[in-house]
Amino acid sequence: MPTVVGKQVGPIGYGLMSLGLGLGTAPDSNSDESSLAAIKTAVECGCTFLNGAEFYGRGPDDNSLALLRRYFARYPQDADRVVVNIKGGRHSNMVRFDGSKAAVTASIEHSLQQLGPAGRIAQWALARKDPSHDYQDETLAAIDAFVRSGRIDGISTSEINRETLRSPQLSLFHTDPLTNGLLAACAELDIPVVAYSPLARGLLGGRIKSIDDLAPDDPKRRLPQFQDGNLQANLKLVEKVAALAREKGCTPAQVSLNWLLSLSKRPGMPVIIPIPGSSDPERIKENATITHLTDDDLAEIDAMLRGFVVAGERYPAAYMGQLQL
């Protein structure tokens with residue numbers, strides 16, 4: 001079992017990004033009751049590493065933290081069962097992130113106020129490195145002040161390179177951390193890696209066959225990997241994963257998530273915790289299932305990846321400059 005800030009968590013975590021936004025597969029996925037039920041299902045399935053953000057949700061005052069506050073009010077016994085990782089620091093223009101000491105301090109204070117006294121922030125991260133402020137002496141120092149005062153437990157990072165060192169997006173669609181030195185650096189420093197978007201924003205779940213399978217207001221429609229001919233090119237990998245899943249009697253999502261878990265067992269690799277997100281209890285249970293991948297399965301997946309190049313960038317051009325700083 002992985003350990004984060006001294007506390008054991010399940011091998012697969014749970015991402016809160018889509019809760020409350022009506023992006024889930026459950027019919028009432030925008031409702032509070034559906035969101036609370038989804039979190040409860042994840043926790044009961046052992047997905048006790050919860051990843052949220054100050055900017056995930058309906059608005060700045062109804063986000064992951066406010067949702068968790070309501071969750072812990074209903075299930076106070078679960079506060080000690082989970083590890084909560086929060087990202088913040090997004091500027092009001094919703095494009096850039098502010099890494100100044102004042103902005104980071106204000107964002108953490110806001111996060112603590114929204115979560116309330118029942119919950120505990122185990123890790124807090126500025127969601128993107130701000131190149132206009134010194135990352136170590138301003139950004140990380142501001143977070144560390146809250147750790148030293150005992151108000152939060154630890155620091156996490158996001159979207160940085162091996163020199164700056166932050167947990168990456170990692171999936172069968174995004175294997176760069178395997179070759180760019182980032183995972184090796186995490187292993188050397190004994191830093192667990194949180195694999196963001198481990199199902200490639202739902203593609204590896206196997207249910208998206210065309211752009212028409214996305215709701216008209218689904219923000220994934222704006223992502224390059226879902227646009228033009230990119231989606232059909234990317235679905236070629238999904239089809240191969242689905243074929244392997246059929247042979248094993250499991251789902252494409254289970255193959256994809258358990259491939260990430262298998263990486264942790266390779267020499268020189270760190271602990272990797274994938275954080276799939278869903279509002280559908282059945283999908284949450286599916287994603288939490290541990291499936292054994294044999295050496296032959298892993299060799300087959302390696303062969304798939306050698307012949308595959310993802311089509312399209314991860315984000316629109318305006319956001320790409322914030323990554324891997």
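Which residue just after α4 takes a positive phi? Gly 150 does, with a phi of about 85°. Before we follow that helix, a few words on how to read what comes next. This is a predicted model, in which local features need pLDDT of at least 70, side-chain atom pairs count only at pLDDT 80 or more, and totals for chains, interfaces and linings use all residues. Residues are numbered from 1 along each chain as its sequence is written, and side-chain values use heavy atoms, with hydrogens and water left out.

Let us start with the whole chain. The protein chain has 11 helices and 11 strands; these are DSSP runs numbered from the N terminus, with helices being H or I over at least four residues and strands being E over at least two. Of its 325 residues, 53% count as buried, where buried means under 20% relative accessible area, exposed over 50%, and partly exposed in between, with a 1.4 Å probe and protein chains only. A contact here means heavy atoms within 4.5 Å. Among contacts between residues at least 6 apart in sequence, 75% join residues at least 24 apart.

Now to helix α2, which spans residues 64-74. Ser 64, Leu 65, Ala 66, Leu 67, Leu 68, Tyr 71 and Phe 72 are buried in this helix. Their cover includes α1 (32-44), β4 (49-53), β6 (62-63), β7, α3 and β8. The N-terminal end of α2 is capped by Asn 63, with a side-chain oxygen 3.1 Å from the backbone nitrogen of Leu 65. For polar contacts, the rule is a pair of N or O atoms within 3.5 Å; within protein, one must be able to donate a hydrogen and the other to accept it, and residues adjacent in sequence count only if both atoms are side-chain atoms.

Strand β7, one of the elements covering α2, covers residues 83-88 and holds Asn 85. Asn 85 is buried, with a relative accessible area of 3%. Leaving aside neighbours within four places in sequence, Asn 85 is in contact with Phe 49, Leu 50, Asn 51, Gly 52, Gln 123 and Ser 156. With Gln 123 there is also a polar contact of 2.8 Å between the side chains. The C-alpha atoms of Asn 85 and Ala 53 are separated by 8.0 Å, while the two residues are 32 apart along the chain.

Helix α4 (residues 135-148) brings us back to the opening question. At its start, a side-chain oxygen of Asp 134 reaches to within 3.1 Å of the backbone nitrogen of Gln 136. Further along, α4 has a kink of about 40° centred on Ala 141; the bend at a residue is the angle between axes fitted to the seven residues ending there and the seven starting there. Tyr 135, Thr 139, Ala 142, Ile 143 and Phe 146 are buried in α4, and what covers them includes α3 (101-115), β8 (121-126) and β9 (154-155).

Two packed helices are described by the angle between their axes and the distance between the axes. Here α3 and α4 pack at an angle of about 35°, with their axes 8 Å apart; the axes are lines fitted to C-alpha atoms, for helices over the stretch in contact, and angles run from 0 to 180 degrees between N-to-C directions. From α3, Lys 101, Val 104, Thr 105, Ile 108, Glu 109 and Leu 112 meet Glu 138, Thr 139, Ala 142, Ile 143 and Phe 146 of α4. These contact residues divide into six nonpolar, two polar and three charged. In that count, Ala, Val, Leu, Ile, Met, Phe, Trp, Tyr, Cys and Pro are nonpolar, Asp, Glu, Lys and Arg are charged, and the others, Gly among them, are polar.

Two non-glycine residues with positive phi come next. Asp 190 has a phi near 60° and lies in the loop between α6 (182-188) and β10 (193-195). Asp 190 is exposed, at a relative accessible area of 68%. Ala 200, with phi near 55°, lies in the loop between β10 and α7 (230-248) and is buried at 5% relative accessibility.

That loop also contains Lys 220, which counts as buried at 16% relative accessibility. Not counting residues up to four places away in sequence, Lys 220 touches Arg 201, Ile 208, Leu 214 and Phe 226. We end in α7 with Val 238, buried at 5% relative accessibility. Its C-alpha atom is separated by 7.0 Å from that of Leu 203, 35 residues away along the chain.
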